[in-house]
Structure formats: C-alpha cells, structure tokens
Amino acid sequence: MPWGDRVAAGPRAAGSALALVTLITVLCTAPARAQPAPGQIDLRLAHERSQGRYGETSRTTIDQTTLAVRYHGTGWWTDLQLPWLRVRSPGGSGLPEANGAAGSQVQGLGDVWWRGRLALREADARGPGLDLVLKLKLATGDADRGLGTGGRDVALQLDLDQTAAGAQWLAHLGWRHTGDPAGFRPYRNPWYGGVGVQRALSPAWELGAGIDWREPIGRLGPLGEATVHLAWRDGARRWQLHLTGGWERASPDVALGLAWRQRF
C-alpha cells in the first residue's frame, strides 16, 4: 500500500488520469498531515474489484475484501491483513499467479500478510525520510482451489518520503523471496518498486497518484500499474476511493476500490 492506504486492488485512461492528477496536485496548496500517536490502533475495511485477461481470452474478475489492523509504536508500526476472495475465472484457474485447478467461481480466505515498518530517518531539510519494511505472506489461501500460491513469502523493502513543492513525494524499492509450492515450477524472486505523489487539498481532502512495477514471478511476466486515489478524512475516520489501470499481463486491466479506516 505505498500510495494512500490501498490494501494489496484501461492503460491509456489510467495514464491520462495520472497526468491530470499530478498536474492538479502541483497547483494546490498542502496543509500539514497529522501523524498517528504511539499506542493508536487503525481498523481498516476495504473492498476492491479487479478485472483482467492475464494472458487468457476471457476475463477473470476478483473481488477482495480485506480487514486490516495496525498498531502504531514510537517510530514503528505493525499490521495484519486478512483477505477474503471471490474469483470468477472461466478457465477455472483461480488467482492469476496461482497453480490451482478450481471451478469457474471460488471463494474463501486468501493469503494473510503481516507487515512491520521501522523508521530509520525522519525527513528534514537535509534529506528524505527512510523506513525499513519487512513483509511476511502466510500460505493461508487454499492453493488447490486457486486462492493462494501455496508458499510463504518474505519481502524486505526501503521506503523514501520527502515533502517538496507543497506535496509529499514517495518511493519504495524491495526484494521478495517467493515461496515455492511442492510439485510445481518454482516461482522467481523479484525486485519491485514504485514512485508517487500525494497532496492534501484541504484539511479534509487528499489526492494522490503512483506507479508500481515488479519483475516476473511466474509465467505472466512483470507487473506494471498506475493508481490514483481520492481520500476524505473526518477526525479519526477516513474514506478512500482508488482506481488502478495496468499495462502488463500480470496486472489487472482495471481495478476499483473503496476503503474505510477508523483510528482509535
């Protein structure tokens, strides 16, 4: 979730929207963003629907509803993401990168992610902020039904952020060790990264955009996608709408998501 709070969801339309959003953000003023206090907890519920061909003649539709809980410490945070999936695939293969052989529609628990972030440096006039992120993916999704990869993944990532020209500029770079399910061709261990910008339009509204890219994991090749998001905040409550468009075979053609977050 590098841009806004997207939970882990067209190409020409997405590119035009990205250019438009970037232009709008440069022209607007940016109030300071409030940071969460140590001891606060975020509860987040998000739903995303995506569609893509993933190298096939027919479209696969994925509905993902994710419940996430995050705890903020002093200079660090940790969270847990619990996804529920419904995959409709005429080919009966489940998730695009999965090796299962499922029916035309399957649903159930997906692969659970745990993440931890440690702040190494706060952004200031001398340079950007730097965070170290560790991610663990558990093999909780039923791989035989195409709801998971069947392997446990570990990823290590560096995040950069800097406030300049009234906007927050973001970048990340990471490497992922992808767990291999028994009896199947091993997955690759890809590098991945992204860049983005987001800006507060007012004390309540935020607009942002970003591009993500990942080396190939399996047969579908690399992933490449652009996302724009619009968020509204009312005290401890936040709503966010995002739109994603992809241009690689491993990416969805389009994804639309809505998320609600409450901070305690």
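Q: What do buried, exposed and partly exposed mean here?
A: Buried means under 20% relative accessible area, exposed means over 50%, and partly exposed lies in between, with a 1.4 Å probe and protein chains only. Because its relative accessibility is 7%, Tyr54 counts as buried. This is a predicted model, in which local features need pLDDT of at least 70, side-chain atom pairs count only at pLDDT 80 or more, and totals for chains, interfaces and linings use all residues. Residues are numbered from 1 along each chain as its sequence is written, and side-chain values use heavy atoms, with hydrogens and water left out.

Q: Where is Tyr54 found?
A: Strands (E, at least two residues) and helices (H or I, at least four) are DSSP runs numbered from the N terminus. Tyr54 is in the loop between β1 (41-52) and β2 (60-72). Its phi is near 50°, a positive value in a residue other than glycine.

Q: Which residues form the largest nonpolar core?
A: A nonpolar core is a set of buried Ala, Val, Leu, Ile, Met, Phe, Trp, Tyr and Cys residues joined through side-chain atoms within 4.5 Å. The largest one has 11 residues, including Tyr54, Ile62, Leu220, Leu223 and Ala250.

Q: Which residues does Ala204 touch, beyond those up to four places away in sequence?
A: Contact means heavy atoms within 4.5 Å. On that basis, Ala204 touches Ala231, Trp232 and Arg233. Ala204 and Ala231 are 27 residues apart in sequence and 8.1 Å apart in space, C-alpha to C-alpha.

Q: Is Ala165 buried or exposed?
A: Ala165 is exposed, because its relative accessible area is 67%. The residue lies in the loop between β7 (153-164) and β8 (167-177).
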